[in-house]
Amino acid sequence: SVIGCSEHKRASRGMADKAVTLVKEEKGVLPITPDRYKKILLYPIETTEKAQGLTAANSAGDRIKELMEKEGFEVDVYVPYTEMEGNIPPYTSIVGKYDLILYIANLVTKSNQTVVRIEWKQPFGSNTPVYVNTVPTVFVSVANPYHLVDVPRVKTFINAYSASDESIAAVLDKLMGRSAFTGVSPVDPFCGKWDARL
C-alpha cells in the first residue's frame with residue numbers, strides 16, 4: 001500500500017524529468033520525431049544482469065524500442081555480423097537506409113566491478129559508432145555517466161543515471177522535444193578529455 005504508490009510514482013517521474021542531462025549536442029539533430037527520422041537503428045549496449053546479479057526482466061533497449069514504436073518510429077535492433085574481413089556488410093547497409101542511429105548503454109557498476117568500460121562486439125568492434133559523420137547519432141547512457149570517454153566522437157550525448165521505466169520515458173520525452181533538458185551533471189562527463197568536447 002506504500003511502496004510504489006501513486007505518490008511515489010509521481011515523484012519518480014518528476015525526479016527522472018529533472019535528472020536527464022544533455023551533455024553535448026550536434027546542432028540540428030534534436031528533437032527527433034517520426035517525421036524527421038522515421039527509420040532508427042538501435043544499438044543496445046548492456047548486460048543481462050542487474051547490479052545484484054539478478055537477470056533483468058527486459059532491457060533498456062527493449063523498453064526504448066517499444067516506446068519509440070508506439071510513437072511511430074520504425075526501429076531495427078543492430079545484430080552484429082558474423083563474417084570476417086572481406087565479407088562484412090557494405091556501407092550502404094546503414095548509410096542511406098537509416099535516418100538516425102541511437103545507442104543506449106546500460107552498464108552498471110557493482111561492488112566488485114567499480115569501473116565499467118564499453119566492450120565492443122566482435123568481429124572488429126562491429127558496433128562502434130563509425131557513422132557519426134554520415135548518419136545523425138545519439139548516445140544515451142542510463143547507468144554510468146562516464147561513457148563519453150569511450151565514444152568521444154559521438155556529437156550528441158545524454159546521461160540519464162538510471163534505467164528505470166520513468167527515466168527511459170523521460171529520455172524519450174526529451175529526445176522528442178516534449179520536455180526540456182534541465183539536468184546538471186554531478187560529475188565531469190568529459191573525464192578531463194578535451195577531445196570529448198568536440
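Helices (H or I, at least four residues) and strands (E, at least two) are DSSP runs, numbered from the N terminus. The expected span of a helix is 1.5 Å times one less than its number of residues. This is a predicted model, in which local features need pLDDT of at least 70 and side-chain atom pairs count only at pLDDT 80 or more, while totals for chains, interfaces and linings use all residues. Residues are numbered from 1 along each chain as its sequence is written, and side-chain values use heavy atoms, with hydrogens and water left out.

**Helix α2**

- Helix α2 takes in residues 60-71, which is 12 residues. From its first C-alpha to its last it reaches 17 Å, close to the 16 Å expected at 1.5 Å a residue.
- Which residues of α2 are buried? They are Ala60, Gly61, Arg63, Ile64 and Met68; buried means under 20% relative accessible area, exposed over 50%, and partly exposed in between, with a 1.4 Å probe and protein chains only.
- These residues lie on the same side of α2, because they cover an arc of only 165° around the axis. The arc is that of the directions from the helix axis to the C-beta atoms.
- The buried residues of α2 pack against β2 (39-46), β3 (74-77), β4 (100-106) and α3 (165-175). Contact here means heavy atoms within 4.5 Å.
- Gly72 follows α2 and has a positive phi, near 105°.

**The sheet**

- Six strands form an open sheet with mixed pairing, in the order β1-β6-β5-β4-β2-β3. Two strands pair if DSSP finds at least two bridges between them.
- β1 (21-24) and β3 stand at the edges with a single partner strand each, so one side of each is left without a neighbour in the sheet.
- On average, neighbouring strands of this sheet are turned by 25° against each other, direction ignored. The axes are lines fitted to C-alpha atoms, for helices over the stretch in contact, and angles run from 0 to 180 degrees between N-to-C directions.
- Strands of a sheet pair through backbone hydrogen bonds, either parallel or antiparallel.
- β4 and β5 pair in the parallel sense, over five bridges. Leu102 stands opposite Val138 in β5.

**Backbone geometry to check**

- Leu30 and Pro31 are joined by a cis peptide bond, with omega about 0°. Pro31 lies in the loop between β1 and β2.
- Tyr161 is not a glycine, yet its phi is positive, about 70°. Tyr161 sits in the loop between β6 and α3, and at 27% relative accessibility it counts as partly exposed.
- Cys191 is not a glycine either, and has a positive phi of about 55°. Cys191 belongs to the segment after α3 and, at 29% relative accessibility, counts as partly exposed.

**Buried polar residues and their contacts**

- Is Asp150 buried or exposed? At 17% relative accessibility, Asp150 counts as buried. Asp150 is in the loop between β5 (137-141) and β6 (156-159).
- The side chains of Asp150 and Arg117 are joined by a polar contact of 2.6 Å. A polar contact is a pair of N or O atoms within 3.5 Å; within protein, one must be able to donate a hydrogen and the other to accept it, and residues adjacent in sequence count only if both atoms are side-chain atoms.
- Not counting residues up to four places away in sequence, Asp150 touches Arg117, Ile118 and Trp120.
- Lys174, in helix α3, is buried, with a relative accessible area of 2%. Leaving aside neighbours within four places in sequence, Lys174 is in contact with Asp17, Val20, Ser179, Ala180 and Phe181.
- Ser126 is in the loop between β4 and β5 and is buried, with a relative accessible area of 10%. Not counting residues up to four places away in sequence, Ser126 touches Tyr78, Pro80, Tyr81 and Lys121.

**Distances across the chain**

- Ser126 and Leu42 are 84 residues apart in sequence and 13 Å apart in space, C-alpha to C-alpha.
- Gly14 is in helix α1 (residues 6-19) and is partly exposed, with a relative accessible area of 29%. Gly14 and Phe73 are 59 residues apart in sequence and 25 Å apart in space, C-alpha to C-alpha.
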